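Colleague: Thanks for sitting down with me over this one. Could you walk me through how the parts pack together?

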Amino acid sequence: MVSGEIEMKRIIINILIEIKRKIFHLRRILLLLQLILLKNSELINLNTTDSIKYIEKYRKYRALERVKPHNRKRECKLSIIIPIYNAEKYIKACLDSIFSQNIMCSYEVICINDGSIDNSLKILQEYNNENIRIFSQKNFGAGRARNKGLDEARGEYIFFVDSDDILPSEAINNMLRAAFTSDADIISGNIGKASENISMVYYPSKKKDVQTTDLVEACNLMSGTPWGKLYKSHLWEDIRFPEHYAYEDTIVFLNIFTKAMSFLVLSSPVYCFRSSNNSLFKRENSSVRCVDIIWVIKDALDCALQNSISLTDKYYQVLIWHLSVVLYARLKKIDNEILMKNVFIIAIEINNTFLDHYPYDIRFSGGNSKIYYEVKKSFATKDYLLWLTCCKALKNSGEI
């Protein structure tokens, strides 16, 4: 009886997701029509210097520090990195889900206690396991905690886990087997979502594994979060998360994916995200830290240029997605149009920086290509209203 109820709930959820997808598609069509019929424009005459000063009233810009390449000796196959801050309610379930995996190769679990003031550290120290390595630091945020983990990592592969999430049975082994067989640089799979007490876990329906070498397709198939993916460690040798910023994981698409040659998405479950009211994502989305997103995108492009990451049409499409829908989605939560317009000016500057280093014809791919050409046009003409309309259209499309 219970299994029947669970299956019925799963069917209902899948129906609701399909309805939502069709509504998104319809709204996208309507917004495309709005783009075609758009007669008015709002040209912005602000300059970059004044816009930076205005934005810095909310959040200061901190210049990117160049990372020295790490050539640490690889002493094990896998490094699992967990940043931990006040996670006493969740960390035991997280670690137990890892240590119960019966991982098929040598591995280490690097726990970075990021200045917790609860019992997180005490819980970590109760684990009598030779594979766990515990480091403590002052509270600097998830970016620096993950960077400490990367500095200490000795594995050929890297896997990030957030302290309030759990891994499904055999998740690690399934990804490792796929890595050894496919030689893909980044591997992910079916990402589940659980209620805070994990009484309900839902995994989207995935029928088959998908492997691709296309950057835009990979970004559509996978999320932009660092967790839930198995990376070849060389991808992180000269890349680190921006510190002191929210949305530091923006670099995953703009700096890490762009270095990868092959991606693989498994149909099997590989990670379970816990929906918590105190999650880092929800805290960042409800504060003035939303402004950080423009500085992180700027840093990501600067990092790509410093590290000679290949600039391509595909990279530009992912960049312009961040400079439109991602900016809009984050900043609209603050509801400050003057701030939005000043951020638009900085987005133009970042866009121009890319085009200065890539003086070739741009070709966009996928169903949103027409909208991307309009975004590019809005930057060239400083047309804020056109940019805003494009942002809404892309947000409702659900893909890059």
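Modeller: Happy to. One convention comes up at once: an angle of 65 to 115 degrees between two axes counts as roughly perpendicular, and one over 145 as roughly antiparallel. Please also keep in mind that this is a predicted model.

Colleague: Let's start with the whole chain, then. How many helices and strands does the secondary structure of the chain come to?

Modeller: The chain has 400 residues, and buried ones make up 51% of them. Among contacts with a separation of 6 or more, 83% are between residues 24 or more positions apart. The secondary structure comes to 14 helices and 9 strands.

Colleague: Now for the helix pairs. Are H11 and H13 roughly parallel or roughly perpendicular to each other?

Modeller: The axes of H11 (residues 313–331) and H13 (residues 369–381) come within 11 Å and cross at roughly 65°. The crossing in which H11 passes H13 is left-handed. With the range of 65 to 115 degrees in mind, H11 and H13 are therefore roughly perpendicular.

Colleague: Which residues of H13 make the contact with H11, and how many residues of the contact are nonpolar?

Modeller: H11 brings Tyr316, Gln317, Ile320, Trp321, Leu323 and Ser324 to the contact. From H13 come Tyr372, Val375, Lys376 and Phe379. By class, the contact of H11 with H13 has 1 charged residue and 2 polar ones, and the nonpolar residues number 7.

Colleague: How do H13 and H14 run, roughly parallel or roughly antiparallel?

Modeller: H13 and H14 (residues 384–397) pack with their axes 9 Å apart, at an angle of about 155°. Since an angle over 145 degrees counts as roughly antiparallel, H13 is to H14 roughly antiparallel.

Colleague: What is the handedness of the crossing of H13 and H14, and which residues of H14 make the contact?

Modeller: The crossing of H13 and H14 is left-handed. On the H13 side, the contact is made by Ile371, Tyr372, Glu374, Val375, Lys377, Ser378 and Phe379. The classes in the contact of H13 with H14 are 9 nonpolar, 1 polar and 2 charged residues. On the H14 side, the contact residues are Leu386, Trp387, Cys390, Ala393 and Leu394.

Colleague: How far apart are the C-alpha atoms of Ile44 and Asp383?

Modeller: Ile44 lies in the loop between H1 (2–37) and H2 (48–55), and a relative accessible area of 7% makes Ile44 buried. Beyond residues up to four places away in sequence, Ile44 touches Lys341, Phe344, Ile345, Lys382 and Tyr384. Ile44 and Asp383 are 339 residues apart along the chain, and their C-alpha atoms are separated by 6.5 Å.

Colleague: Over to H5. Which strands do the buried residues of H5 pack against?

Modeller: In H5 (residues 142–152), the buried residues are Gly143, Ala145, Arg146, Asn147, Gly149, Leu150 and Glu152. The strands that the buried residues of H5 pack against are E1 (76–84), E2 (107–114), E3 (132–137) and E4 (155–160).

Colleague: Last one: in the loop between E4 and H6, does Glu170 count as buried or partly exposed?

Modeller: Asp164 is found in that loop between E4 and H6, and at 14% relative accessibility Asp164 counts as buried. Glu170 is found in the loop between E4 and H6 (171–182), with a positive phi near 65°. At 29% relative accessibility, Glu170 counts as partly exposed.

Notes. Residues are numbered from 1 along each chain as its sequence is written. This is a predicted model: local features need pLDDT of at least 70, side-chain atom pairs count only at pLDDT 80 or more; totals for chains, interfaces and linings use all residues. Side-chain values use heavy atoms; hydrogens and water are left out. Axes are lines fitted to C-alpha atoms, for helices over the stretch in contact, and angles run from 0 to 180 degrees between N-to-C directions. Helices (H or I, at least four residues) and strands (E, at least two) are DSSP runs, numbered from the N terminus. Angles under 35 degrees count as roughly parallel, over 145 as roughly antiparallel, 65 to 115 as roughly perpendicular and the rest as oblique. A crossing is left-handed if the near helix is turned anticlockwise from the far one by less than a right angle, and right-handed if clockwise. Contact means heavy atoms within 4.5 Å. Ala, Val, Leu, Ile, Met, Phe, Trp, Tyr, Cys and Pro count as nonpolar, Asp, Glu, Lys and Arg as charged, and the others, Gly among them, as polar. Buried means under 20% relative accessible area, exposed over 50%, partly exposed in between (1.4 Å probe, protein chains only).
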